[in-house]
Amino acid sequence: MPLHTPAPNAASADRLIFRPTAGPAGDVLVAVFLRGGMDAIYTIPPFGDRAFQLQRHGFGPLEPGSKHSANGLINLDDYFGLHPHFAPLESLYRQKLMAIVHAVGLEEPILSHFDASRAIERGATGKQIATGWIGRHLAADAAGISSTAPGSNPSPLRAVAMGHGIPLALHGAEAQSLDSLGDYRLEVPAGWDPGFSRVLRTLYAGGADLASTAGRQTFDTIAVLQRLAKSRYQSANSAIYPFDTFGNHLSQVAQLIKADVGLEAAVLDLSDWDSHASQIDFLVPPMQSLALGLQAFAQDMGEQMRRVLVVAMSEFGRRVQPNDSAGTDHGRGSAMLVVGGGVHGGKVYGRWPGLAAHDLDVQGNLRVTTDYRDVLAEIVDRRLKNPAIDRVFPGLKPKYLNFTAT
């Protein structure tokens, strides 16, 4: 399918349109993996649960704030709240751009970081499955199994992993690993460039075969990304990203979406949620980074958030009872954050199982009442417009929570 290039002008100088006339029908997916096991009882506390204060007494804010208590929890719905370090997320919630799914997690009681992370990224039970759920989604699309025509998006930047290496979630599809936009370049032996690149450009210039088309697209992409990398990105709507790796990666994803390079899926990591000790202090940096980053990204994207879906998830939650080191150990139920224009936000979804001793599992963990794959399946089906759920999540019979618009 031919590459569509807009007429040159100031607005399109850094834009590369790979979308065909029938283009990818769904949202751009931005998947954020919160590595380490986020304590959702702490970050999105159920202060309305009578057992909450008993279980977490003296462990950070326990009640909503007031004019006399600025450091209290942010009251979302008279039952669930936001920790004060998650305060930037309140605006997304009030604008109904963000939904929260609580008591969500793996169906199996896996408490190993490595094994739980691999299970979450595979999106399927059974270690024999070597691909990831995002990779299978993109592969189904490329094969014409989803609502998009086969091969309809030839962009080399259809899927990117921000950072070093390709995460398991993207296995099964072509993807690029970028720590910065300037990383995308042609790797040739020392001394071969610029002559070698000129020869390749000439070789690819006139051909109509797939190799020539892909070669031209690759060189065009390199040129666009080099211009983007050299320019000083100005976020829109006075958005200010946090000055850390996560904020930098989010801002670059925003650049890619705005530049129309054909991006369909971006994967980001935010680590340091493994709060075994001194949790009150330990979780300040990742909480602030996530909250400030997501708020800035949505503000920067503005109206374009209508075609973007952000989902943040962790491999598991934490034990309900704190340990002797003022931290929490590996648990089960956690929470997922879903942000986008196609989200029925301003609500906490899922069935809350309770924090009383008789409501917990035998290890003292918050029970999982929503399979994380049900959340992802609804996103893939309704927002990414891929109905091939049986291929993306083999064996799953999803139960939708209806937190998205169709």
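Predicted model: local features only at pLDDT ≥ 70, side-chain atom pairs only at ≥ 80, totals over all residues.
**View A. Tyr79 is partly exposed, at a relative accessible area of 28%.** Buried here means under 20% relative accessible area, exposed over 50%, and partly exposed is whatever falls in between (1.4 Å probe, protein chains only). Residues are numbered from 1 along each chain as its sequence is written, and side-chain values use heavy atoms, with hydrogens and water left out. Searching the whole structure turns up 5 aromatic pairs. In one of them, Tyr79 and Phe80 have ring centres 5.1 Å apart and planes at 65 degrees, so this pair is edge-to-face. The cut-offs: rings of Phe, Tyr and Trp (its six-membered ring) pair if their centres lie within 6.5 Å, with planes under 30 degrees apart called stacked, over 60 edge-to-face, and the rest tilted. Ring pairs also bring in Trp352, giving a cluster with Tyr79 and Phe80.

**View B. Trp133 and Phe393 form a stacked aromatic pair.** Their centres sit 6.0 Å apart, with 25 degrees between the planes. This pair ties together distant parts of the chain, 260 residues apart: Trp133 belongs to helix 5 (residues 133–142), and Phe393 to the segment after helix 12 (389–392). Helices (H or I, at least four residues) and strands (E, at least two) are DSSP runs, numbered from the N terminus. Both Trp133 and Phe393 are buried.

**View C. Phe86, Ile100, Leu290 and Phe297 touch the most other members of the largest nonpolar core, which has 70 residues.** Helix 10 (residues 284–301) supplies the largest share of this core, 8 residues. A nonpolar core is a set of buried Ala, Val, Leu, Ile, Met, Phe, Trp, Tyr and Cys residues joined through side-chain atoms within 4.5 Å. Zoom in on Ile100 and, leaving out residues up to four places away in sequence, its contacts include Ile44, Leu76, Tyr93, Met336 and Val348. Another core, of 40 residues, lies apart from it, with Ala99, Val101, Ala377 and Leu384 among them. Contact means heavy atoms within 4.5 Å.

**View D. Asp78 and Asp260 both have a positive phi without being glycine.** Most residues other than glycine have a negative phi. For Asp78 the angle is about 70 degrees, and the residue sits in the loop between strand 2 (74–75) and strand 3 (81–82). For Asp260 the angle is near 55 degrees, in the loop between helix 8 (245–258) and strand 7 (265–270). Which of the two labels, buried or exposed, goes with each residue? Asp78 is exposed, with a relative accessible area of 61%, whereas Asp260 is buried, at 12%.

**View E. Arg383 is buried, with a relative accessible area of 9%.** It lies in helix 11 (residues 372–383). A polar atom of the Arg383 side chain comes to 3.1 Å from the backbone oxygen of Ala405. Not counting residues up to four places away in sequence, Arg383 touches Gly26, Asp27, Arg306, Leu309, Gly342, Glu378, Thr404, Ala405 and Thr406.

**View F. The largest cavity holds about 50 Å³ of space.** The whole structure has 4 cavities of 30 Å³ or more. On a 1 Å grid over the protein atoms alone, a cavity is a set of points where a 1.4 Å probe fits but cannot get out, and lining residues have an atom within 4 Å of a point. Grid points are joined across faces, edges and corners, and the volume is the space filled by probe spheres set on the points. The lining of the largest cavity includes Val104, Ile120, Met313, Phe316, Arg332 and Tyr372. Strand 4 (98–105), strand 8 (308–314) and strand 9 (334–340) are the elements that give two or more residues to this lining, and strand 9 has the largest share, 3 residues.

**View G. Helix 4 (residues 113–122) has Ala116, Ser117, Ala119, Ile120, Glu121 and Arg122 buried.** After helix 4 comes Gly123, with a positive phi near 70 degrees. Zooming back out, the chain has 12 helices and 11 strands, and 53% of its 406 residues are buried.

Conventions. Polar contact = N/O pair within 3.5 Å; in protein donor to acceptor, adjacent residues only side chain to side chain. 1 Å grid on protein atoms, 1.4 Å probe; cavity = no way out; pocket = protein on both sides within 12 Å on 5 of 7 lines; lining within 4 Å.
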